[in-house]
Amino acid sequence: MRPTAVNIALMHSAAIVLLITLGIRLDATDNFGGNPANLDFGLKGYGDGENVAFTQSSSTVGHFVQGVLASLLSYPAVAGLIARLFGGKSRDNLSGNVPTFLLRRPRLSLLLLCDLASACMTIYPFYSLVKRFMKYSTDFARTSHMNNATEWVVGYVVGVSLGWLVTVWLVRTFLRSAGLSKNLGENYDSKIRRVASILSVSDNDVVGNVQYGFGVASEYKELIPSKFYGIVSATSSILLVLLSMTSFLTGIFIGLTWNYQEEELVQKVNRDLTVSLALLWVIVTFLMTWFASKKWPFNFD
């Protein structure tokens with residue numbers, strides 16, 4: 001029920017690094033001015049007003065919503081619910097405690113489209129980075145990339161919270177439907193088979209190589225046209241790699257332009273900050289990749 005290993009290693013690690021990097025930049029009021037409590041990054045370096053996140057503008061809403069959808073749609077619980085809400089006909093209710101719509105056959109194309117939509121919602125930070133660096137490479141730390149990326153990353157945090165909320169509700173629903181919420185040791189195998197039957201795309205018993213899962217498209221790989229699956233998976237992976245590079249380069253560019261007009265003595269601090277933010281990206285990405293490779297205590301399979 002957790003996001004896939006690719007999502008954790010690329011998107012979620014990148015968003016965490018971006019969040020920390022922007023927090024460091026926001027807190028540097030001695031250097032840039034502003035007010036962290038108001039998400040105010042100080043004045044823009046090119047004389048174009050204040051650098052404040054979450055203003056009363058449609059662009060703020062757009063950045064925030066993209067962040068929410070990027071993280072929310074990465075959760076299998078959410079993708080699986082969408083694929084079933086707009087899925088095929090319902091099967092016989094295998095348990096009276098399970099909402100009817102959860103028993104629908106998932107529309108597998110929607111699972112893939114949720115993956116693709118999640119990845120597409122990560123494009124904006126990359127676009128913002130490239131646009132501001134191309135225009136203001138020597139004063140990047142004072143550009144509007146700071147407030148725009150902050151709006152996206154705050155949306156990401158909200159999406160993560162909603163994703164876990166849906167996941168907890170869904171797991172609790174399945175556990176209760178199979179009688180696994182209590183007396184775990186009693187008829188454990190048969191109870192697990194009931195959960196697997198609920199998740200199965202087939203009306204037959206779950207035996208042998210019958211494919212089942214909830215919201216991870218790769219679990220249904222054999223049931224999806226290989227060309228369609230390959231194109232969507234490759235596109236999603238490329239977009240997530242771009243987000244990971246965005247989080248890395250944001251820290252590098254901020255460090256390099258921290259005090260670009262100051263004397264050489266201060267420039268040494270810039271190099272230290274640049275190295276520190278680069279190491280932050282390496283450490284977080286490594287830890288999240290390691291975490292993604294570990295099994296969780298409870299798996300339906």
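Reader: Is Trp 290 buried, partly exposed or exposed?
Author: In this predicted model, Trp 290 is found in helix α10, residues 264–292. Its relative accessible area is 47%. Buried means under 20% and exposed means over 50%, with partly exposed in between. Trp 290 is therefore partly exposed.

Reader: Which residues make the nonpolar surface patch of about 720 Å²?
Author: Patch residues need over 30% relative accessible area. Trp 290, at 47%, is above that cut-off. The patch is made by Val 275, Leu 279, Ile 283, Phe 286, Leu 287, Trp 290 and Phe 291.

Reader: How many cavities of 30 Å³ or more does a search of the whole structure find, and what is the volume of the largest cavity?
Author: The search covers the whole structure and finds one cavity of 30 Å³ or more. The largest cavity has a volume of about 50 Å³.

Reader: Which residue classes make up the lining of the largest cavity?
Author: The lining includes Leu 73, Tyr 75, Pro 76 and Val 216. Thr 4, Ser 74 and Asp 115 also line this cavity. By class, the residues are six nonpolar, three polar and one charged.

Reader: Which helix supplies the largest share of the lining of the second largest pocket?
Author: This pocket has a volume of about 250 Å³ and is lined by 16 residues. The largest share is six residues, and it comes from α9.

Reader: Which residues lie nearest the centre of the second largest pocket?
Author: The lining divides into eight nonpolar, seven polar and one charged residues. Nearest the centre lie Thr 4, Val 6, Asn 7, Asp 115 and Ser 236.

Key: Residues are numbered from 1 along each chain as its sequence is written. This is a predicted model: local features need pLDDT of at least 70, side-chain atom pairs count only at pLDDT 80 or more; totals for chains, interfaces and linings use all residues. Side-chain values use heavy atoms; hydrogens and water are left out. On a 1 Å grid over the protein atoms alone, a cavity is a set of points where a 1.4 Å probe fits but cannot get out, and a pocket is an open set with protein on both sides within 12 Å along at least five of seven lines; lining residues have an atom within 4 Å of a point. Grid points are joined across faces, edges and corners, and a volume is the space filled by probe spheres set on the points. Ala, Val, Leu, Ile, Met, Phe, Trp, Tyr, Cys and Pro count as nonpolar, Asp, Glu, Lys and Arg as charged, and the others, Gly among them, as polar. Patches are made of residues with over 30% relative accessible area and no salt bridge: like charges are joined within 9 Å, nonpolar side chains (Val, Leu, Ile, Met, Phe, Trp, Tyr) within 5 Å. Accessible areas come from the Shrake-Rupley method with a 1.4 Å probe; for residues, only the protein chains shown count as cover. A salt bridge is a side-chain nitrogen of Lys or Arg within 4 Å of a carboxyl oxygen of Asp or Glu. Helices (H or I, at least four residues) and strands (E, at least two) are DSSP runs, numbered from the N terminus. Buried means under 20% relative accessible area, exposed over 50%, partly exposed in between (1.4 Å probe, protein chains only).
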